[in-house]
Amino acid sequence: MDDLVKFLVARIMDDNHAYAYVADTLGGESLLDSHLPMLDLIEQLAHDCTTMHPSDSRSAGLEYALRVLGQSYAAHPAYQQEWRP
């Protein structure tokens with residue numbers, strides 16, 4: 001799970017950099033309908049996964065959610081098929 005979390009955080013950082021480039025190029029208003037809030041929430045889930053104790057009853061659901069979210073990056077060369085839910 002640690003590898004998936006690292007992968008997701010790296011993809012989120014890539015996406016944030018892309019949004020920053022768009023904002024610099026086209027202006028901040030171009031991001032009004034962006035996915036930035038969703039990226040922030042996914043990053044928070046990834047952080048929660050790294051700090052949550054495995055015995056916590058929520059950990060299985062959180063791991064499943066991260067696997068589902070990770071599928072949006074399945075075309076990325078670093079994505080591993082073993083992460084699929």
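Hi everyone, let's start at M1, which counts as partly exposed because its relative accessibility is 29%; buried means under 20%, exposed over 50% and partly exposed in between, with a 1.4 Å probe and protein chains only. This is a predicted model, where local features need pLDDT of at least 70, side-chain atom pairs count only at pLDDT 80 or more, and totals for chains, interfaces and linings use all residues. Residues are numbered from 1 along each chain as its sequence is written, and side-chain values use heavy atoms, leaving out hydrogens and water.

So what does M1 touch? Leaving aside residues up to four places away in sequence, M1 touches C49, E63, L66 and R67, where contact means heavy atoms within 4.5 Å.

L66 brings us to the largest nonpolar core, where L4, F7, L66 and Y73 have the most contacts among its 16 residues. Such a core is a set of buried Ala, Val, Leu, Ile, Met, Phe, Trp, Tyr and Cys residues joined through side-chain atoms within 4.5 Å. Two or more residues each come from α1 (2-26), α2 (36-51) and α3 (59-70); helices are DSSP runs of H or I, at least four residues, numbered from the N terminus. The largest share, six residues, belongs to α1.

Now look at α1 and α2: their axes come within 10 Å and cross at roughly 155°. Axes are lines fitted to C-alpha atoms over the stretch in contact, with angles from 0 to 180 degrees between N-to-C directions. The two helices are therefore roughly antiparallel, the word for angles over 145 degrees.

Key. Angles under 35 degrees count as roughly parallel, over 145 as roughly antiparallel, 65 to 115 as roughly perpendicular and the rest as oblique.
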